[in-house]
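Work through these exercises with the structure open. Each task is followed by a solution in steps.

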Amino acid sequence: MTNRVFIFDTTLRDGEQSPGATLTLKEKIAVASMLDAMGIDIIEAGFAASSEGDAQCIEAVGKAVKNARVCSLARAITGDIEAAARALENAPRARIHTFVSTSDIHIEHQLRKTRDQVLEIIQKTVTLARRYCEDVEWSAMDATRSDMDFLMKAVSCAIESGAKTINLPDTVGYSVPEIYGAMFEKMTARFPDVCFSVHCHDDLGLAAANSLAGVRGGARQIECTINGIGERAGNAPLEEVVMALSVRKDYFGCKTGIDASRIYPTSRFVAAVTGFPIPKNKAIVGSNAFAHESGIHQDGMLKNRETYEIMRPESVGLTRSQLVMGKHSGRAAFKSKLEEINAALDDEAFEACFLAFKNLCDRKKNVTEEDLMSLVHDYHSKGSSSFVRLINFTLAQDDEASYTAKTIMDVDGKEKTATASGNGPLDAIFTCINQSTGLSPALDSFEAHSVSQGCDAQAESIIVMTEQGQTYTGHARNTDTIIAAAHAYVGAINKILAKGK
């Protein structure tokens with residue numbers, strides 16, 4: 001058995017299924033490019049049959065990436081497989097990933113089929129996918145709650161029909177490491193020449209542990225997402241499984257093709273474009289992951305870093321220098337720092353980000369690495385579908401709690417002015433924006449946090465709102481929290497308007 005583990009990233013498909021994590025096409029291409037540069041083997045770019053937007057994303061990612069195999073998900077339905085094939089038509093290295101449920105509870109209550117009918121579906125759809133694409137992956141949805149004898153038959157049927165990779169997902173996060181690992185031991189013993197894959201959800205907080213147990217059991221592909229984002233409690237975090245295999249190669253005996261130094265900047269970028277902040281205590285990429293406060297720990301670190309650090313922060317792309325740039329920094333220094341944080345930009349993007357950097361320097365004495373990452377994120381977010389734009393606003397405090405706001409907005413090319421009062425500055429501004437756009441979404445949550453250190457730090461504001469049962473997220477940064485919040489609100493509004501087009 002090979003000791004090479006392939007990394008299958010599904011941030012753009014399963015990760016985007018997180019409520020409110022909808023990305024623009026430009027943001028998806030930027031994420032895919034970062035994943036490709038990191039050395040991801042397979043990028044699942046979307047679910048072609050689910051929407052025209054997903055099909056366009058898969059096609060665009062297929063053209064943009066240079067090394068990774070690009071994949072589309074497809075149900076075991078002829079139309080889905082054909083849609084996936086069309087979206088992947090121009091991708092140099094393509095994969096169709098089709099699936100069907102194999103647990104009795106899904107077969108009876110969701111599919112309303114018999115086991116024999118499920119086997120017929122597998123044979124028919126995998127064969128069809130194989131006609132369109134040389135590389136076909138088949139997944140047994142809800143594998144961990146499936147009868148093992150029937151699961152063996154289903155896997156055998158998929159392999160005989162042309163599937164090269166077999167995924168046995170823990171769809172509902174039900175399994176535990178010992179049982180999940182044992183399942184792969186049985187499967188790899190029965191089918192030694194097939195690449196088996198793990199795909200784990202984190203409902204019980206065991207996604208990473210189960211994924212690694214699957215590797216111990218013989219699986220050689222891990223399906224995961226950046227920061228563990230995904231449906232419900234999320235997926236196995238890429239950064240955790242990759243670094244576990246790296247740090248504990250003595251135990252797992254496996255390696256990946258990942259450039260781990262790109263993990264941290266990619267993690268921060270995905271957090272920025274999705275609007276899902278990274279918890280400070282998050283393994284590998286949290287801001288406290290390499291912080292040592294205990295006196296005993298600090299003493300040990302001063303004597304030998306290995307006493308309390310099992311990996312270097314530099315190994316995942318986190319550098320030690322934080323105050324990095326200022327208003328006197330030139331293009332050469334700016335370019336060098338971008339290269340240091342693995343933020344590759346073409347000439348047009350570089351010039352746009354350099355201009356934004358100079359503008360930021362007028363408001364901040366020192367610009368940190370986090371600020372630079374934010375500039376790169378902001379560049380990739382611009383140029384997307386923008387139906388409304390906040391030109392300017394003013395605020396007046398009426399009394400201790402009441403404010404009056406006046407906004408000037410560009411709405412589909414027409415300038416609109418609105419005035420409204422509210423219980424606080426943000427309530428007043430948001431009400432004006434609603435008046436100008438004709439929308440009245442429900443505000444679910446508002447968060448603001450610093451993206452760097454110091455009194456002049458940029459604030460990142462994250463708005464989550466609901467419109468007609470659909471969740472939308474907006475995010476923006478500014479040294480002024482109220483300005484950041486206003487632009488974040490407009491960003492979410494634009495996503496609502498884009499959905500209706």
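**Exercise 1.** Find how helix H8 and helix H9 pack: at what angle, and how far apart are their axes?

*Solution.* Locate H8 at residues 207–216 and H9 at residues 238–247. Helices (H or I, at least four residues) and strands (E, at least two) are DSSP runs, numbered from the N terminus. The angle is about 45 degrees, and the axes lie 10 Å apart. That makes H8 oblique to H9. Angles under 35 degrees count as roughly parallel, over 145 as roughly antiparallel, 65 to 115 as roughly perpendicular and the rest as oblique. Axes are lines fitted to C-alpha atoms, for helices over the stretch in contact, and angles run from 0 to 180 degrees between N-to-C directions. Now list the contact (heavy atoms within 4.5 Å). H8 brings Ala208, Ser211, Leu212 and Val215. H9 brings Glu240, Val241, Ala244 and Leu245.

This is a predicted model: local features need pLDDT of at least 70, side-chain atom pairs count only at pLDDT 80 or more, and totals for chains, interfaces and linings use all residues. Residues are numbered from 1 along each chain as its sequence is written, and side-chain values use heavy atoms, with hydrogens and water left out.

**Exercise 2.** Determine the strand order of the open sheet of 3 strands.

*Solution.* The order is E11-E12-E13, with antiparallel pairing. Strands E11 (388–397) and E13 (414–423) are the edges, and each pairs on one side only. Two strands pair if DSSP finds at least two bridges between them. E12 (residues 402–411) is joined to E13 by 10 bridges. Within this pairing, Thr404 stands opposite Ser421 in E13.

**Exercise 3.** Decide about Leu390: buried or exposed?

*Solution.* Start with its place: Leu390 lies in strand E11. Its relative accessible area is 5%, so Leu390 is buried. Buried means under 20% relative accessible area, exposed over 50%, partly exposed in between (1.4 Å probe, protein chains only). Next, find its partners, not counting residues up to four places away in sequence. Leu390 touches Thr407, Ile408, Met409, Ala486, His487 and Val490. Take Ala486: 96 residues separate it from Leu390 in sequence, yet the C-alpha atoms are 8.0 Å apart.

**Exercise 4.** How many residues of helix H16 are buried?

*Solution.* H16 covers residues 425–437. Of its 13 residues, 10 are buried. Among them are Pro425, Leu426, Ile429, Phe430 and Ile433. Just past the end of H16, Gly438 takes a positive phi of about 75 degrees.

Note on methods:
The expected span of a helix is 1.5 Å times one less than its number of residues.
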